[in-house]
Amino acid sequence: MCPNRHTLLLFDLPQCARRPIGEYGSFISSTRGLMFSSHSFAPLIIRGRALLPIVQGGMGVGISAHRLAGSVAREGALGTIASIDLRHHHADLVERCRAHPDRATLESANLTALAREIQSARALSEGRGMLAVNVMKAVNAHADYVRVACETGADAIVMGAGLPLDLPDMTQGHDIALIPILSDSRGVALVLKKWMKKGRLPDAIVIEHPAHAGGHLGVTNLADMNDGRFDFARVLEELAPVFASLGLSRQDVPLIVAGGINSHDAVRGWLTAGANGVQIGTPFAVTEEGDAHPNFKRVLADATPDDIVEFVSVTGLPARAVKTPWLTRYLRNETRIRDKIGTLKNVCPTALECLSVCGLRDGIEKFGHFCIDTRLAAALRGDVANGLFFRGRETLPFGSAIRSVHDLIELLLTGVTRPPVAGRWAFSLD
Ligand SMILES: Cc1cc2nc3c(=O)[nH]c(=O)nc-3n(C[C@H](O)[C@H](O)[C@H](O)COP(=O)(O)O)c2cc1C
């Protein structure tokens, strides 16, 4: 019998990962004096560490920085800093970039910001839980972000927006968990085979459903989004023979499902159906501790199903966001913009050249044609008129209410909702 969950957080107990949920009985969590009601889920075990089975998804630009990721880790779960363009959270770096708006200065500011955010999140976490850095393969500086995450002591790299086939090579010599984000069993099989040839297994895999998640979606075109091959149940079922054919047991690589998980029932359903953890994005973005401006949280929390749209981003990938004034205007004129400047190459408006392939800079007609970095940074600052507000498709666990990370995790794990406590966090971009 495993000890209670509090003990699980303090010791490495990988043998507990091999037990069915029922054997754990009920756990009372008391990670920081705040009690969760009991819950009965097995811990998520990553690289020998036992965590609550809740993962906070990485959200750029700046939406999940140190305050959100550190607060989630402090609860005993996996908190994730999104690595992309974190300089916006640091007034001195913003000032330096204003004075020297060249690519080298901007890139170096972002790496400095990432290192600072990891250190601050670590301090906030008080050594609990686990801290990951989310890196998008489609980003030009992805290898630098991975290097800084390793050198600054992040516990894990979570990589999506492209196949992370070379992630084991990039992290050679570092003791860090590696977690790819994929969407179907074919992608998982490919990564497992390629990585096993390098002598490495993923420490977990996130399976993200493109029909529900926020931000960039793991499909090549919009029409593909609802394809049955992305259904979590089907992916879990199809992976059983894949694991067997590779000589792996299901416990060797924990599977974390992501996209649209917005209630205790949904958490219970997927953990009972065979997932080892659930990744949650939008509900964490709108918590008190979320690193974005309060206006950002209001836009996401107040959006109705009709306000949420899918469109083609400058990465060429479909994305999901709230139809705010800028996006409404852009979509109204999308065809005209494509006809007029679709194949013209543009100078990168920010000088950062954030993406390795960009529809606007490289003149790729089928892709989006706007500066994604400028639009996402405006959203982070709460500029409702000009920002691009990524959001998942489902309703939120607390409706339009802004609640704390603790309350959200408690609701997801136990179904219990406590009366709200007055906001404990003030927003600051510094
Ligand atoms: C505002 C926002 C920004 C996001 N940015 C990223 C990102 O930078 N990298 C990434 O891998 N996923 C990103 N995502 C996806 C989330 O990490 C998460 O997997 C997804 O939103 C889960 O679905 P949910 O929002 O329905 O919970 C983003 C999602 C949102 C809502």
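What share of the contacts in the protein with a separation of 6 or more comes from residues 24 or more positions apart? The share is 66%, where two residues are in contact if their C-beta atoms, placed from the backbone, lie within 7 Å. Welcome to a predicted model, in which local features need pLDDT of at least 70, side-chain atom pairs count only at pLDDT 80 or more, and totals for chains, interfaces and linings use all residues. Residues are numbered from 1 along each chain as its sequence is written.

**Overview and confidence**

- The protein has 16 helices and 13 strands; helices (H or I, at least four residues) and strands (E, at least two) are DSSP runs, numbered from the N terminus.
- Its mean pLDDT is 90, and 89% of the residues reach 70 or more; pLDDT is the predictor's confidence in each residue, from 0 to 100.
- Please treat residues 1-35 separately: their pLDDT is below 50, and this stretch has 58 contacts in the model beyond near neighbours in sequence.

**Around the ligand**

- Among the 30 residues around the ligand, Gly57, Gly214, Gly215, Gly281 and Gly392 come nearest; a residue is near if its C-beta atom, placed from the backbone, lies within 6 Å.
- Strand E5 (130-136), strand E11 (277-280) and helix H10 (282-285) each give two or more residues to this shell.
- By type, the shell holds 13 nonpolar, 14 polar and three charged residues; Ala, Val, Leu, Ile, Met, Phe, Trp, Tyr, Cys and Pro count as nonpolar, Asp, Glu, Lys and Arg as charged, and the others, Gly among them, as polar.

**Helices H4 and H5**

- Helix H4 (residues 103-125) packs against helix H5 (residues 142-151) at an angle of about 35°, with the axes 10 Å apart; axes are lines fitted to C-alpha atoms over the stretch in contact, and angles run from 0 to 180 degrees between N-to-C directions.
- H4 brings Leu111, Leu114, Ala115 and Ile118 to the contact, while H5 brings Asp144, Tyr145, Val148 and Ala149.
- Seven of these contact residues are nonpolar, none is polar and one is charged.

**Two loop residues**

- Pro43, in the loop between helix H1 (5-10) and strand E1 (44-46), is buried because 24 other C-beta atoms lie within 10 Å.
- Pro43 and Pro53 are ten residues apart in sequence and 5.5 Å apart in space, C-alpha to C-alpha.
- Ala223, in the loop between strand E9 (215-216) and helix H8 (232-245), is exposed because 9 other C-beta atoms lie within 10 Å.

Methods. Buried ≥ 20, exposed ≤ 12 C-beta atoms within 10 Å, placed from the backbone.
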